[in-house]
Amino acid sequence: MLANLDSPLQIVMSVCFVTFLSYFTAGLGDALVLRPQMIWPLWPGCAFLVAVLLLTPRKIWPVLLAAGLAGFVLHDLRAGLAIRTVALLNLADVIEVLIAAWCVSLAFGGAPRLNSVKSLAKYSFFAVILAPISAASLSATVLGADYWLAWRISVLTEALALLTLTPAILSWAGMALGRDKRSRAYYLEGAVLLAGLASLGYGTFVVSNVSSLSVLLYSLVPFLLWSALRFGTIGVSTSMMVVAFLSIWGAIHGRGPFVGRAPLSNVLALQLFLLLAATSFMVLAAVVEEGKNAGKALKTSEEKFSKAFRHGPMSLTLTSAKDHRYLEVNKTFERLTGWTREEVIGRTPFDIGLWVDPSQRTELAKRVFAELTLQNLEVQFRKKNGAVLMGLASAELIDVDGEPCVLSGAVDITDMKRAEEILSSVNRRLIEAHEEERTRIARELHDDINQRLAFLAVNLSTVKKGVPAADAATRHGIEQVCQEVSDLGKNVQALSHRLHSSKLEYLGLAVAAGGFCKEFSQQYNVEVEFHCDSFPRTLSPEISICLFRVLQEALQNAVKYSGTRRFEASLERTSSGIHLSVRDSGVGFDPDSAMNRHGLGLISMTERLKLVDGQLSIDSKPQRGTTIHACVPLNAKVKSALAAR
C-alpha cells in the first residue's frame with residue numbers, strides 16, 4: 001500500500017491528486033470515444049480508481065472514491081452530458097469500482113501480485129468478470145443503441161481496462177515504492193521494447209490499411225512474447241496498453257484493420273482482439289513468473305540446505321553416487337576424518353580406506369537402494385592418521401539432478417562407546433568378583449562350617465550315650481539339639497550349593513539346573529517343572545554359570561513377586577544357540593518400570609548375559625504372567641574382566 005496517510009495534509013494532497021488524475025483519465029477516455037455513437041472501446045477511469053483504492057488503506061476509500069467521482073463528474077459536465085446520463089454513468093462506476101476493489105482486497109489481503117496463474121485467475125474473476133458485469137446493465141442504458149450489443153461492449157470496455165491498466169498501475173507503483181528494484185539494463189531493455197512496439201503498432205494501426213491485416217498483426221507477437229518472457233505481468237500489461245491506445249486511436253480515425261464495417265461491430269471486433277491478446281499473454285507472463293519464483297525458491301532452498309549441509313556441527317554428512325564416488329562432504333566430515341573436501345570429491349571410500357570394514361560400506365549401499373532408508377547403524381571409520389572412530393550412521397536415497405544418490409550422516413559416538421566399554425568392564429569385574437566371593441564362601445561353608453557342624457552332631461551323639469537312661473528329659477533335649485544341628489547342616493549345604501554348584505562344575509548345566517529346580521521346589525514348597533531337550537553335553541563354563549545364575553535369579557524373583565506356586569523352566573538348543581526360559585502365570589509386571597527399580601535382579605541378569613554375547617527379553621503383562629527368555633549363542637565371545645585388565 002501507499003503511505004498510511006494519517007495526517008490531514010497527506011489526505012488533502014491525495015484527494016487533489018486523485019481528483020486531477022481522474023479528470024485526466026476521463027479526458028483520455030473521451031479522446032478514445034467513437035463518435036457520434038459515443039462508444040468507449042476502453043474506459044480507463046474505473047481501472048485507475050480501482051488501482052488507487054488497492055494501493056491505499058480502506059479507511060480513506062470513501063474520501064478517495066468521492067474525489068475520483070468528482071473528477072469524472074467535472075469532465076462529464078464540461079463535455080455537455082445530461083445530468084441523468086452523468087448520474088447513471090457515475091453510479092455504474094461506483095458499483096464497478098467498489099466490487100472490484102473490495103473483492104480483490106479481501107481475496108489478496110491488499111494489492112494483488114499477479115505472479116501466478118492462480119492469482120491471475122482469482123483477480124480476473126472479481127475484477128475482470130464480476131465487476132464489469134455488475135455495472136454493465138446500468139451503463140448500457142445510456143449508450144443509445146441496441147441494449148444487448150451495448151451491454152456486451154460495456155462489459156468488454158471495462159474488462160479490457162481492468163485487465164491491462166490496473167495491473168500496470170499496480171506494477172508501476174511497486175517499482176516506484178522500491179518493492180521491485182531493477183538494474184539500469186532492465187529499464188533500458190524495457191524502453192527499447194516499448195519503442196519498438198510503439199513504432200510497429202503505429203505502422204499497424206494508424207498507417208496501415210485493411211489489406212495488411214494478417215501480416216502486421218502477427219508482427220506484434222514477437223514483441224508481446226518478449227514482454228511476457230522478460231518482463232512478466234508489468235511487461236504485458238504495459239505493452240497491451242500501448243497496443244490498445246494505438247489500435248483504438250487508429251479505429252476512431254478510420255485507420256488500421258478495424259474499420260470498414262458497422263461502427264459497433266468494429267468496436268466489438270477490436271475489443272475481442274485486445275481482450276484475447278491480453279488474456280493469452282497475461283497467462284503466459286503468469287506462467288513464466290511462477291516458474292521463475294519456483295526456481296528462486298528452489299535455489300534459496302538449495303542454498304540453505306547446502307549451507308546447513310556444509311556447516312552442520314554435529315553430524316558427519318556426505319552424499320555419494322551409486323558407484324560410491326563422493327559428491328559432497330561437510331566440514332564435520334573434514335574435521336572428524338582428517339580428509340579435506342578437495343581430497344575426497346570424485347573418489348570412493350575404498351580409495352581412501354575410510355571404512356574399517358569395506359564390506360560394511362558395500363552392504364549399506366545395497367540396503368539403502370533396496371530399502372530407501374537406514375537408521376542407527378553402528379559403523380567404524382578410519383581417520384587419515386589411522387585412528388579408528390565409532391559412528392552411529394543413518395542413510396537415505398535422494399535424487400540429485402535426476403540421479404539416485406545416497407545421503408549419509410553419522411554421529412561420532414567414539415567417546416560414548418569407550419565409556420560403555422569402561423562401564424561394561426567394571427560390571428564384568430564386579431560380577432566376576434561376586435562369583436569368586438560366592439565360590440570362596442561356598443567352599444568355606446562346605447569344607448569348614450558344614451564339617452564342624454557334622455563333628456558337633458557326632459559329639460552330641462557321644463554325649464547322649466553317656467547320659468543315664470533314667471534321665472529321659474536330658475536325653476530328649478540332646479536329641480532335639482542333634483536334630484537342629486543336622487537340619488542346620490543341611491541348610492548350610494544347600495546354601496553352599498546355591499552359592500557354588502559342584503554339579504554344575506562336574507556334571508554340566510542340564511543336570512545342575514534340574515537339581516536346583518528340585519531343591520528349590522522342596523525348600524520353598526512350590527512346584528517347578530523343568531524341561532531339557534536336545535541340549536549339548538559340553539558347554540563353556542562361562543555360559544554354564546551365566547545361565548545357571550539367570551535361572552536362580554528368575555525363580556527367586558518369581559517366588560517373591562508372581563503370587564503363584566507353580567513355575568516352568570526349560571533349557572533347549574536352538575538354531576541360534578542356547579535358550580533358557582522361566583515362566584509363571586502370576587500377576588505380571590511392567591518390564592520397563594521394573595528395570596528402573598532395584599531388587600528384581602533384571603540388571604544383574606542383563607549384565608551377566610552381556611559377558612557371553614547373550615540377550616535377555618521379558619514377556620509380561622499385568623495379570624497375564626511372565627516369561628523370562630535368556631538366549632546365548634554357542635559361539636559367544638566371552639568377555640573376561642581379567643582379559644580386559
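His75 is buried, with a relative accessible area of 11% (buried means under 20%, exposed over 50% and partly exposed in between, with a 1.4 Å probe and protein chains only). The model is predicted, so local features need pLDDT of at least 70 and side-chain atom pairs pLDDT 80 or more, while totals for chains, interfaces and linings use all residues. Residues are numbered from 1 along each chain as its sequence is written, and side-chain values use heavy atoms, leaving out hydrogens and water.

His75 sits in helix α3 (residues 61-78); helices are DSSP runs of H or I with at least four residues, numbered from the N terminus. Leaving aside residues up to four places away in sequence, His75 touches Tyr23, Ala26, Gly27 and Asp30, where contact means heavy atoms within 4.5 Å.

Turning to a helix pair, the axes of α4 (residues 83-108) and α5 (residues 117-139) come within 8 Å and cross at roughly 160 degrees. The axes are lines fitted to C-alpha atoms over the stretch in contact, with angles from 0 to 180 degrees between N-to-C directions. The two helices are therefore roughly antiparallel, a term for angles over 145 degrees. Among the residues making the contact are Leu88 and Ile95 of α4 and Tyr123 and Phe126 of α5.

Tyr123 is also one of the residues with the most contacts inside the largest nonpolar core, which has 75 residues; such a core is a set of buried Ala, Val, Leu, Ile, Met, Phe, Trp, Tyr and Cys residues joined through side-chain atoms within 4.5 Å. Helix α6 (residues 147-176) gives the largest share of this core, twelve residues. Apart from it lies another core of 34 residues, including Ala513 and Ile618.

Technical notes: Parallel < 35°, antiparallel > 145°, perpendicular 65-115°, else oblique.
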